[in-house]
Structures are given as structure tokens and as C-alpha cells.
Amino acid sequence: MIDVLIIGSGGAGLTAALSAKESGASVLVAGKTYPTNSQTSMAQGGINAALANVGEDHISSHISDTIKSAHGLCDEDMVRKMCADAPQTIEWLENLGVPFSRLDNNKKGKDTIAQRQMGGASAKRACYAQDYTGLKILHTLYDTCLKENIDFLDEHYLLNLIVKDDTVRGATFFNIRTGEVIQINAKSVVMATGGYGSLYHGHTTNAYGSTGDGVAAVLRAGGAVSDMEFIQFHPTALKHSSILISESARGEGGYLVNEAGERFVDELKPRDEVARAIFAQLEEGQRVFLDVRHLGEEKLMELLPQEVELCKMHEHVDPAKELIPIKPVAHYTMGGIDVDYALEVNGIKGCFAVGECSNAKVHGANRLGGNSLLEIIAFGRFTGENAYKHAVYASNKEADNTQKAQDKAQIEDIYAQENTSNFYPYRELLGNLFYEKVGIVRENKQLHESLKEVIEMQMTQKSMGISDKSKTNNQNLIDFLEFRNALLLAPTIISAAIARDESRGAHFKVGFEEENEAFKKHIVLQWKKNNEE
Amino acid sequence: MQIKILRSKTNTYQLYSLPAGEIPLLNALSYIKETQDATLTFSAGCRASVCGTCAVRVNGREELSCAYKVKPGDIIEPLQYHPVLRDLKVDKHKSQETLSKSTAWLHSFQEATPNHSDEKLSEVQTDCILCDACYSACPVYAVNPDFLGPFALTRAYRYSVDKRESNVKTIIDNIQHDGVWDCTLCGECTAVCPKGIDPKMDITMLRGLSVQEGYSDPSFMTQSFGTPNFGFDPNAGF
């Protein structure tokens, strides 16, 4: 039996795999795509660590910036751990060969890494590799996994966790290529399945696959989720395509301007405040632009080559000469699987969660740019070690095939189900509904309306199905399973947003515009088991 | 606007209609799948040219679906030299095995003093997203399916010029067989790379490093010079 099964092959999953293997575990990484296709590749700006390579900085400043931005909703011990681990995390990446951008300072190793300003940071703290930081970290991790002979199971879509006596025993997967349902037994499981930003279909920087599959699986298996209502809107996505323009564009000196050419907000405030300021302009009927013209073409190509290319390609705008039309869109989900200090899922022993899918309570109500890459690497390593430790004493007895049989039957039902209403328009509808009514500025009436619409959609879902009946390589089926997960998570977000009658970080509610001490707590949701009520 | 897409089940081109106006190919494929034909199968990810998932061939040239703007009459096909799993979706396992074979990773770390110009040595090479466009465009695969190929060799080069690598020789040793000398330097890989990487140049540089390590072009060694058949004696005086 495998010691540590890792579900998800992005930055968090690969890091956990390397660390578990280094600890001595046998490891398998299962993911729905190939390892380098993940959301991590899209992280642009940087990874935070108080190295003080460019001006003064201290771990204590990193901690206090993170706590401040979290608006009272973080666990300060977890923040302290992440920020204190940051310098050695960068050192670890440096030793794997991550091609960071460099300074000319005649120093050695990580002391030569270039660092830039990000919003809400009191120092130039984000280590970067041009505007491809996530991509270059991810690919270096992958190269290292090949070096260490990590086993991969690509194109395996997570169906359910196998849980017995509140302890994880493995998971079931749908083999996308063959159409088979398989069971993988494991002593420990690490969820590294990413966020649920794609609920905002059409209004998100996220890849199509960020549908919260792992968060939904944990809910179904009896685990807890928390802070689901906290969704970060990135201030600057391209207006027509929702493609991300990194915060580093503002960190390097870019301005936000309205139609009149006026600046209307301090661009380096945390994302929640900047996104709301832009939203207020848009509500007034203003168009909003990112202006980086004054940086000059040479600097833009040096620091933000990817942004320049994306603007030209998707917006027909040359950032060196023209204004970039932008809008805020859903970008990152702070909430997710509720975990304890060891990143073990509350409610499921032996199951760990790391990265965007988990709520390790380091971002609280608003994540700082550069802290998510740090989280996946720093906590990815920690989780890998913890998962191994659990595996050492875990039972060797394999789970029976009850879950697999159930899942197989369910897949067969989906194939047999007559598809009377196409689910694709509903996916778009759900995205629009969330952007409009569960978005940057919320109000209770709209939240209640959206909850009603989502519940109606869940009823309609019974008549939805797949029109592609192919057993093998059926992307129609995967899209449907992803949509079902998104729809399963939707009410958890809305009901938590309804319950939170205050404004805090990324959650802003009309009529309750201030922070309320009574709500300085996490909203934790867990399904009651059928036989325990 | 109409486009044709190669369907794997029938091995024929199927005609699809799209609304007029500018649209990235990936959006067009999604539009077809969502509204006309849910069986059309393709791979999609980030929409922003960075996840490497969506490369296909358009009119015989490799493109990222998310970055290519559809034109009337376009013919869409899957990547070459990859087993087609269904329609535009291909199996990348064999192509990506070249990364393991070429041992394109940091073998032995040493502390270094990298500076800004060292960053530039592999800045573009490390923009690689493993989309496999170069692999599909490489004509060597028509004759040698075991060729290490452009992206693996570019990656090997990227580590070989990294100051932190103290064991460049092992990388060079591992790219000799089916490697740097099998490339014809035709430059098709460079022409199609969506990230502007130049594997042809990287392979040329790797040949230089190989010579430094004592290797030489094996095809060169099998050629003969100075035999009487040439009709003149190079050692004879004029």
C-alpha cells in the first residue's frame, strides 16, 4: 500500500511529494491533467520572503503585514510559521535550481535574488523570475520530481475519498483515458487540488479546472470547510478576456486611472481595497485602465514581458504606448478545507490539505500578493513530512471496495441519464450569478436571491446530463463532474456570506460596512452524516 | 465563419460554423462543444499561454489554441508524432519521457554567485511551458521516434549553463545518444515556439559544450576524407 497519496499535481502537490519522499515515504501523485498544467503556472508576481536583498526587511514585518491584511481572521501562529519558514523555503528552491531574477550585488545564493514591491507589503519582499515566477517554480519542481523518480498518475479525476472510522483510507478516481473507476489505497492522503475560483466562470483569472473538486470531496467525506465566503478579486484582469495582469505591474510603478485620466486609489493598497475602488468607478459608469506607459518599453520588457504579450494578444493594446482596459475578477479563494496546525483536515484523520484548496488560516479575509506561492512551498514541505509521519503508524489494512462500487454505479447513472437540459449554459449562468450577486460588493437581498437560484439550479441539475456517451476520453463528462462540484460548493459560499453581517477584507456587505468584533471568527461548515442525526 | 476540425473517430474533417468576429481558437472550440457538439474533444487550461495544455495544428502549423485567432477556412488538427487519444487531444507521455532520458534537471548543486547576466543565460529557455509544439514540428521524429527533441534539449541546455550545476558533464553525457547530433538544425522548432524560445540555437550551444567534453559529431566521423577516390592527394604539394 502506498504511504502517501497526493491528489493534485500543482506546486503544492509536487512539493509535498518531494518532501514526503525525502522523509522516506512511498509516494504517488494523481492529478486530472499533467503536472505542469496547473494553476501554479499562472502565478506571476512573486514569492514573499523577508530576505532584505533590496532594502531593509524583517520576518516580523512580513508577519505583521500578513496579519494586518488578514483582518483578524488568520491564525497568527500559522502566519508566524509560514513567514519564519520563508527564507529557508527560498533557499530550498534556490538549491533545486529555480531561475530567479537576479541582482548585481556580488553576493552568493539566495542573497542575489531580486525582490519587488507588492500591494500591502512594507518592503520589497517578493522574489521573482520576471513575471513568470509560478511557471518557473512549477517546472523546476517537476524537473526535480523526475530526478527523484516520483510516480505520477495523470488524467485521473478525483471522485471521492475513502473514509472509514473518520480516517482516510484512500480515494477513488475516474481514469479519463479509459473510463474506468479505480481505487487507490493509501495510509495518508494529501489534498492539493486547488481553489474554486472557476465558480465565477467567465469572470475569473483561473483556469477552467479550478472547480474545487477536492474541497467538494472533503465535504462529501465528512470533513470541514471554512471561510468559504472569502474570495479575492484581483484588481487588474484584462477587460474582455479576464486574463490576469500581475500586481507587479503596479508594484513596479503602474497607475490606475479612470476615463478622465485621474488616479483614484493608492495602487499599492491590498487587493480588496483596490478592487472595491475600481468597482466603485465602474458603478459610476467610468471605464478603468492600468497605465504603465511611463515605465517605458525597455523596463516593461525586462520586468513584465508576459504582460506586454498578453495585452497585445488579447486586448490589442501596446502597454508601452496605450492604456490597458481592466476590471476586477475572481482570483483566489482564501477559504477551503479546514485544517489544523499540522495541515490535517478537521474531521478526517490522515487526510491533509495544502495550497489554495486548504484554509490554513494564513490569508484570513484577504491574501497578500506573493503569499500564495510561499504557502504552497513552505506548507507543501511541511504537509509532506506530516503525511509521512501519519503513514508510519497508520493501518496497513486495505479498504473494501464499497466506495468504488458506489462511484462506479454513479458514473453509470450519468451515462444512462437522459440529458434534457444542457449544463454548459448553466455553468455560465452560475458564473454570472456569482459575479453579480456574490461579488466584490454584496448585499443580503441579492445573496438570498442567489441562494434561491442556486438551489433551483441544483434541482434542475437532476435533468442535466452528458450528450457525449463515449467511454474513453470523455471531456464532456469531466466538465459535468466539475460543474457538479462547483454547484455543490455554491451554497456554502452564499450561506456563509449571508451569515456574515459585516464587512471584513474581501467580504464587503452593503448595510454592514464595518468590521464587527462579533464576527471575528471562522464560519465552519460540515455535513452531518446520515446516520448520526 | 467556418472551420474544419479533424475528428479521430471518422478520420475526416468536420465543418463547424462560428459567429463572425475575432475569437481565440480555444473559445471557438469551447463554443462548439457547449452549443453544437459535446463530443468534440480537446485540452484546455489557463487561456493565457502559460499552462501548455492547448497546442494544436492550424493549417499545418503549431499554435496555442488560446492565443490563435480563428480565420475563415482554418483547418485544425492534433499535434504530430503524438498518439491521438481523441480528436485534438493527444498523449504526451512519450514526448515528455524525453525529459527523464535527457536528465534535464539540476544534478549536483553548488553555491554560486549568480548575477543579472547569468539570469539572462536561461531566461527565455525557462519560459518553456511544455506545450509540445516544437516536438510536433520537428521533422527528425519522422525518422527517429527516440530523438530527445527540442524541448528536452533546451531544458538540458538551461541546466548546463546554470552556475549552480557542478556536474555539467553528466547532462552532456546523457544527450549524446539520439540527442544533439541527431538534430538537423532546420529551425522548425524555433519557428513554432509560442514563447519565442530558440531550441535550434540551444542545441547548437550544446554541441559546443559536447565538443568541450570530448565528444564529436558521430556522422562526421563516419565520413572519409583524403582517400584516393577524391581524385587528389591533400598531402601532395602544389
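Domain bounds here come from an automatic or database domain assignment. On that basis, chain B has domain 1 at 2-90 and domain 2 at 93-221. The centres of domain 1 and domain 2 of chain B, taken over C-alpha atoms, are 29 Å apart.

Some housekeeping. This is a predicted model, in which local features need pLDDT of at least 70 and side-chain atom pairs count only at pLDDT 80 or more, while totals for chains, interfaces and linings use all residues. Residues are numbered from 1 along each chain as its sequence is written, and chains are lettered from A and ligands numbered from 1 in the order in which they are written.

Now the boundary between the two domains. I call two residues in contact if their C-beta atoms, placed from the backbone, lie within 7 Å. By that rule, 14 residues of domain 1 of chain B meet 12 residues of domain 2 of chain B. On the domain 1 side, strand 3 (55-58) and strand 4 (61-64) of chain B are the elements that give two or more residues. Helices (H or I, at least four residues) and strands (E, at least two) are DSSP runs, numbered from the N terminus. Strand 4 of chain B gives the most to that side, with 3 residues.

What is the make-up of that side by class? It has 7 nonpolar, 4 polar and 3 charged residues. Ala, Val, Leu, Ile, Met, Phe, Trp, Tyr, Cys and Pro count as nonpolar, Asp, Glu, Lys and Arg as charged, and the others, Gly among them, as polar.

Next, the two chains. Here 41 residues of chain B are in contact with 46 residues of chain A. Strand 6 (84-86), helix 2 (93-101) and helix 3 (116-121) of chain B each supply at least two residues of the chain B side. The largest share, 3 residues, comes from helix 3 of chain B. That side divides into 18 nonpolar, 11 polar and 12 charged residues.

Last, the angles. Most residues other than glycine have a negative phi. Asp227(A) has a positive phi, near 55°, and sits in the loop between strand 10 (224-226) and strand 11 (231-238) of chain A. Is Asp227(A) buried or exposed? Asp227(A) is buried, because 29 other C-beta atoms lie within 10 Å; the cut-off for buried is 20 or more, with C-beta atoms placed from the backbone.

Lys361(A) also has a positive phi, about 60°. Lys361(A) lies in the loop between strand 17 (358-359) and helix 10 (371-393) of chain A, and counts as buried with 23 C-beta neighbours inside 10 Å.

Terms used
Buried ≥ 20, exposed ≤ 12 C-beta atoms within 10 Å, placed from the backbone.
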